[in-house]
Amino acid sequence: MFNFYLPFKKNIKGNKSFFFLLLLIIATPSFVTAQWKIANGPYEATLFNISFDAQNPNVLYTAGDGVFRSTNSGETWITIKPDTALGSNSEPVIKADPKHAGIVFLGGPGALFKSTDYGDNWKVIGFEKRRVTSIEIDQVNHEIIYVGLKNSSDDAIWKSTDGGTTWEKKTNGIPVSTFPFQNCKSIKVNPLNQNSLYAAVFSEGIFKSIDGGNNWTFLLSVNTQEIEILGWDTTIVLAAVAGGIEKSTDAGLTWKLISNESANCLEVDSISKAFYAGINKSTDEGNTWISLGNSVLPESFHLPMGVYDIKIDPNNNNILYLATYAGIYKSFDKGLSWQQSFDGLNRFYVFNLAISPSNSSIIYATGRGGIHKSTDGGLTWIYLREVSAATNITIDPTNSEIVYLEDASPFMESYLLKTTDGGKNWETKLFTSTSFGFIKFDPQNSSILYTSTEENGLMKSSDRGETWEKINAPPRPYNFLVSKEKNGVFYISSYNGGIYKSTDAGLNWDSLGLAFDNYSRSLLYFAPENENIIYASIYGRGVFKTTDGGTNWELKNNGLVDTLIGGIIPDPKQIGRLFLNTLSGLYISTNGGDEWNKFHSEDMPDIYYPLGIDTTGNGKIFAVRNNEPGIYVLDSIYLDPSNIEENISLINFTLYQNYPNPFNPTTTINYQLPKSGKVTLKLFDMLGNEIRTLVNEQKEMGNYSVQFSGGGGLASGMYVYQLRIYDYVSAKKMLLLK
């Protein structure tokens, strides 16, 4: 494995800054030209609500970290955010017109927007510089719109009777808040009486109007997230409140607590008469409740407050959608099982990657808010769990199911987590009040790990992280090397300044004389061809090199624009070839660091910060851009003209989308081979488990079709089919609906 650090800091969920570890070794095909492109995931976004188009329930809208639209029932999403920013720390709300296709309203900090073309274009229709927190549209007369605000102490509810052209404040009867603002979290109009409506004003309580909002009557003093009126009996009202679910059977006059679990959202199935509150469900009008959590949903979503919105498909009450702080989840069986519908929710900020040394298809991507996993070399991803900030991650070199992860909280605490089942379950193995410097395996024994903490310095585990012991080392270790060739030879760089060497497994240490300022960050790398050659990248000073195991060092900054540098990757395929990450972009040296040149692709006008480079395969680079979400991919750093013919043929391998899709029970998968070779075509579930092998044989050049049947006990849901031949790997999703 190679370490590759970004040469800049990021602040995550607080003021804690990290210098992030980034790892990647992945086999991928090379191409004729090197061009940056946005990768297909990992995807993630915190989302607060869902709304369906009036005429086509396959069209969905959702809003949160971004604003997104799906035209295929949540299978893929595109961004439709207005050009005008909604404001920082926003919790936008989106609402489609209940009668007219393509009309949708969006509110948040800054304004209320309206679109008449499915969100492609937006127009501000009011409430500039105010925060819109709820939107309700009369189901009979779409010109009547109610808007809830979080603004001043007497500004909670507004009404328009002309589709949003003009507005009138409607707060008569709602007391002036003792807080600096009122906050109307929910407004619901009685579907049988447009003059009857309920409003939840946070900190003030629940109110009711029987004259279209002109006057309000106080009902219940409780902080409320959402209100729901039963369509088959409008005298029954539900309220998701702090402390549980309240129910009224007399149009709000009296209330009864029917669940003591808080929830952010409510949904009522008018066909089965089931109640949904967050991730809980009742089929007896709230007398008893069951949890709908399962292994696909992260553990934290099993609590009702882990879900921000739940919606039933208007055309099929078996289909549910959840809006969560990671993205959209979908169920085809009323919540008994769930699958991720994340594709296109591109608000995930990636900080590092790790690939399994024993299975190059397994990659983990970590970043702000979560950790994702790919089982097909990065083509598709699943969200595993929430983390505050994953700053270190490493995979057991012999078992891709075993992963170690640092979860750094915003309160300066860090936890060393371990999974033995590929990320489904995690256990805390070590704790520190500050952060961990690194997590590294002994290259000669994968049962041995090393890490460092501020309190204890260098620590060692001989049982795969189950127990730890402190071993002697210079104070505040930052980076660590263990020799593959010589037992007991260690190198350490210290936060206190300096690089040290031990030849007796840490009993004694010698300073190597390469001192630097306190808090400077130094990373160490062996040259693949000779462990006496070591490179040290020191942030603020540049690149240093030794050819005698650390006795003497030379400065190697020739050609560098700045010395604000991060990680180095020595290329094992070409002796003396190095890649260096700096604040001004990626540099390359072909002579062991004697000279550095800016690495450019054909379309690289902007700066990309690599997460890692595939130096064991065909040279694909995964990178990020500063303060932007998503991963960018550069096709290859190895552009060998002698391989152009082979590269062109690799491009022409094609896996097509199955048809029909969705399907029941059969579908057809087509693929094209420009040359003969051993082909595998496999089916996986959304957790990455292999379900079936459809093709596993030598094939000649040509076009092929595979008929696939969803019988044999396969459940409804999303699956992934993957084609492999040579270094070409492609995967696509298919949807089985029974």
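Okay, cysteine 265: at 0% relative accessibility, this one counts as buried, where buried means under 20% relative accessible area, exposed means over 50%, and partly exposed is in between, with a 1.4 Å probe and protein chains only. Cysteine 184 also counts as buried, at 0% relative accessibility.

Before I go on, a word on what you're looking at. This is a predicted model, where local features need pLDDT of at least 70 and side-chain atom pairs count only at pLDDT 80 or more, while totals for chains, interfaces and linings use all residues. Residues are numbered from 1 along each chain as its sequence is written, and side-chain values use heavy atoms, with hydrogens and water left out.

Now the overall picture. The protein has 1 helix and 65 strands; those are DSSP runs numbered from the N terminus, H or I with at least four residues for helices, E with at least two for strands. Out of 738 residues, 60% are buried. The accessible surface comes to about 28500 Å², and carbon and sulfur atoms hold 46% of that, using the Shrake-Rupley method with a 1.4 Å probe, where for residues only the protein chains shown count as cover. As for contacts, meaning heavy atoms within 4.5 Å, take those with a separation of 6 or more: 46% of them involve residues 24 or more positions apart.

Two strands pair, by the way, if DSSP finds at least two bridges between them. If you look at β26, residues 280-282, you'll see it pair with β27 in the antiparallel sense over 2 bridges. Asparagine 280 has serine 291 in β27 as its bridge partner.

Staying with that sheet, have a look at lysine 273, in the loop between β24 and β25 (275-277). Lysine 273 isn't a glycine, yet its phi is positive, about 65°. Buried or partly exposed, this lysine 273? It's partly exposed, with a relative accessible area of 37%.

Arginine 464 is another residue other than glycine with a positive phi, near 60°. You'll find arginine 464 in the loop between β42 (457-461) and β43 (469-470), and it's partly exposed at a relative accessible area of 23%.

Threonine 234 is buried because its relative accessible area is 15%. What is threonine 234 in contact with, leaving aside neighbours within four places in sequence? That would be Asn190, Pro191, Leu192 and Ile229.

Last stop, the prolines. Glycine 41 and proline 42 are joined by a cis peptide bond, omega about 0°, and proline 42 sits in the loop between β3 (36-38) and β4 (47-52). There's also a cis peptide bond between tyrosine 659 and proline 660, with omega about -5°. Proline 660 is in a loop too, between β59 (654-655) and β60 (666-673).
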